[in-house]
Amino acid sequence: MRLFATFVVLGFRRWSTYRLATVAGAFTNTVFGLIKASITVGAIGAAGGELAGYDAVTGATYAWLVQALVAPVNVFQWSELAYRVRDGDVAVDLARPADPQLMYLAGFLGRAAFQFIPRGAPPLLTGALVTGLALPATPLPYLLGAVSMVLAVAVSFGCWWLVNLVAFWVIEMRGIATLYVVSLSVLSGLIIPVHWFPPWLATLAALTPFPSLLQAPVDVLTARVEGTAALGVLGVQAAWLAGVLLLGRLVFARGTRKLVVQGG
Amino acid sequence: MGERLRPYRVLVGSRMRSQTAYRRSFVSDVLGSVGIGLMEFAEVYIVFANVDVLGGLDFAAAALLFALANLGFSLADMVAGHADRLPVYLREGTLDAFLLRPLPVLAQLITSDVSLRRLGRCAVAVAVFAVALPLNDIDWTPGRVALAVVAPLAAAAIFAGLFVCAAAVQFWLVEGAEFASAFTYGGAYAAGYPASIFSLPMRLLFTFVVPAAFTAYLPVLVLLDLPGPAGLPQWLGWCTPLAALAIWAVALAGWRAGLRHYTGTGS
């Protein structure tokens with residue numbers, strides 16, 4: 001447990017050194033937020049002022065919160081493990097007296113903890129100024145929302161871990177990583193809320209862990225789901241987390257048995 | 001002329017052979033690229049599953065808009081998209097090798113990697129374009145036929161110019177490369193939606209600073225004979241090639257300034 005905490009801190013410190021990159025990333029998240037909020041609000045206006053329970057302000061809030069979460073949840077890119085498998089460095093991870101999956105999870109959480117404010121605050125502040133934000137006035141949604149966000153980050157790690165493990169069998173994993181990001185982009189609610197989906201697509205999304213990455217934490221944070229319904233959402237996230245982590249362990253064990261590291 | 005282009009033909013040819021050498025990984029890359037195109041179209045589809053008209057465009061018109069914006073961007077991305085890897089080249093000293101050769105550095109950078117896998121996304125855009133054109137009620141005149149042919153090419157030139165602008169900025173902001181993404185990828189994203197849904201300042205930003213509206217929205221207004229929103233009269237749609245020339249003038253000036261600013265990594 002102490003080791004886990006150390007790795008969280010190391011992850012935090014490692015990312016906090018890239019200051020200009022953090023500012024640049026926050027700027028880009030904000031510009032995309034402006035575009036997404038315009039699309040969301042435009043569509044809600046075209047639908048007569050209300051669409052699947054979102055009005056202009058709650059729709060814009062959805063777009064801004066998603067933009068604030070994109071970096072901490074790490075939607076677009078994580079290929080550290082795949083590179084280490086390709087270069088043979090994964091042998092070093094296996095030699096350490098700690099579980100590789102948990103240590104990388106700790107580093108992933110540390111990175112998220114660092115990015116939470118510098119990558120999340122600029123889009124949210126811009127949203128507050130440009131469109132206004134509809135946020136709950138009671139503390140409970142924030143408390144449950146915090147749990148939901150941590151779960152979202154961890155589920156994201158579990159999924160990326162699985163995608164990276166492909167490197168044990170395939171040398172070039174770019175095509176697979178692209179397919180992962182593509183499916184995630186639609187089904188997580190990254191662009192359009194899952195609640196707007198036609199029924200068949202909503203069913204498809206529910207069969208994947210992707211809504212647990214963005215739609216779930218935003219629903220809990222904005223109190224779109226409350227009380228037992230909110231606990232239900234957290235339960236679904238926790239179940240996906242257990243599932244992807246467990247599957248990740250099994251596949252990793254298979255991969256390492258197959259692994260041949262060239263000497264050097 | 002043919003003799004002067006020979007080095008580039010050799011460079012591009014070698015890149016193409018190397019990308020297609022590993023058949024399976026090339027196929028999976030192309031499929032990934034098709035997936036990106038489909039995902040972006042899915043977004044338009046989901047919006048129109050909920051509303052009939054967005055920003056004055058119905059689904060057929062929005063599909064035409066999507067196709068023009070996406071075709072322009074994916075062509076530019078295939079030819080010049082890797083220009084945003086310039087910070088990597090700067091850090092690794094690859095650019096120093098370009099400087100040693102007796103060829104223009106920008107031409108070398110662009111021909112250093114033509115990403116054939118991005119053909120997948122172009123194919124999706126072409127397919128949507130082919131389906132959307134007859135679905136829309138277009139009053140074909142010789143001018144509109146010419147615009148329908150020229151607009152995707154001019155759009156590709158505009159996005160390629162944006163990539164070069166973004167690369168030029170990176171000579172100063174090696175660590176802050178993502179600033180430029182806001183304008184290249186952000187511009188491409190905004191280009192796929194009717195500019196009329198944006199607030200007036202954003203509309204002007206994505207027309208006259210980042211000329212994204214010229215790539216698709218303004219030509220679509222001309223093709224469908226629709227009036228433009230405040231600040232964007234329809235006739236601007238005819239100016240798409242001019243917008244491409246303007247952005248390239250800025251891009252080349254910026255690139256030259258950036259290269260002069262560059263002092264090497266000292267490696």
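What share of the contacts in chain B with a separation of 6 or more comes from residues 24 or more positions apart? In this predicted model, such residues account for 76% of those contacts in chain B. For chain A, residues 24 or more positions apart make up 80% of the contacts with a separation of 6 or more. With these figures in hand, each chain can be taken in turn.

Chain A contains eleven helices and zero strands. Followed along the sequence, its pattern reads α-α-α-α-α-α-α-α-α-α-α. The radius of gyration of chain A is 19 Å, close to the 18 Å that the globule rule gives for 264 residues, so chain A is as compact as a globular protein of that length. Its C-alpha trace spans about 65 × 40 × 35 Å along the principal axes. As for burial, 52% of the 264 residues of chain A count as buried.

A helix pair to look for in chain A is formed by H1 (residues 2-15) and H6 (residues 100-130), whose axes come within 7 Å and cross at roughly 45 degrees. An angle under 35 degrees would count as roughly parallel, and one of 65 to 115 as roughly perpendicular; H1(A) and H6(A) are therefore oblique to each other. Their crossing is right-handed. On the side of H1(A), the contact is made by Leu3(A), Phe4(A), Phe7(A), Val8(A), Gly11(A), Phe12(A) and Trp15(A). The residues that H6(A) brings to this contact include Leu102(A), Met103(A), Leu105(A), Ala106(A), Gly107(A), Arg111(A) and Phe114(A). Sorted by class, the residues of the contact of H1(A) with H6(A) comprise 13 nonpolar, four polar and one charged.

Another pair in chain A joins H7 (residues 139-165) and H8 (residues 174-187). The axes of these two helices come within 10 Å, with a crossing angle of roughly 150 degrees. Angles over 145 degrees count as roughly antiparallel, which is why H7(A) is described as roughly antiparallel to H8(A). The crossing of H7(A) and H8(A) is right-handed. Here Ser156(A), Cys159(A), Trp160(A) and Val163(A) of H7(A) meet Ile176(A), Ala177(A), Tyr180(A) and Val181(A) of H8(A). The contact of H7(A) with H8(A) has seven nonpolar residues, one polar and no charged.

Gln237(A) belongs to helix H11 (residues 227-258) of chain A. Is this glutamine buried or exposed? Gln237(A) is buried, its relative accessible area being 0%. Leaving aside residues up to four places away in sequence, Gln237(A) touches Ser148(A), Leu151(A), Ala152(A), Val155(A), Ser212(A), Ala216(A) and Pro217(A).

Chain B comes next, with twelve helices and two strands. Its pattern along the sequence is α-α-β-β-α-α-α-α-α-α-α-α-α-α. A compact globule of 267 residues would have a radius of gyration near 18 Å, and the 19 Å of chain B agrees with this. The C-alpha atoms of chain B fill a box of roughly 60 × 40 × 40 Å along the principal axes. Of its 267 residues, 54% count as buried.

One of the buried residues in chain B is Ala67(B), with a relative accessible area of 0%. Ala67(B) sits in helix H3 (residues 59-80) of chain B. What does Ala67(B) touch, not counting residues up to four places away in sequence? The residues are Ala125(B), Val128(B) and Phe129(B). Cys122(B) is 55 residues from Ala67(B) along the chain, and the C-alpha atoms of the two are separated by 9.2 Å.

The crossing of H8(B) and H11(B) is left-handed. Arg144(B), Leu147(B), Ala148(B) and Ala151(B) are the residues in H8(B) that meet Pro219(B), Val222(B) and Leu223(B) in H11(B). By class, the contact of H8(B) with H11(B) consists of six nonpolar residues, no polar and one charged.

Definitions and conventions
Residues numbered from 1 in each chain as written. Chains lettered and ligands numbered in written order. Predicted model: local features only at pLDDT ≥ 70, side-chain atom pairs only at ≥ 80, totals over all residues. Heavy atoms only, no water. Axes fitted to C-alpha atoms, helices over the stretch in contact; angles between N-to-C directions. Helix = DSSP H or I, 4+ residues; strand = E, 2+ residues; numbered from the N terminus. Left-handed = near helix turned anticlockwise from the far one by under 90°. Contact = heavy atoms within 4.5 Å. Nonpolar A, V, L, I, M, F, W, Y, C, P; charged D, E, K, R; others polar. Rg over C-alpha atoms; globule rule 2.2 N^0.38 Å. Buried < 20%, exposed > 50% of the residue type's maximum accessible area, 1.4 Å probe, protein only.
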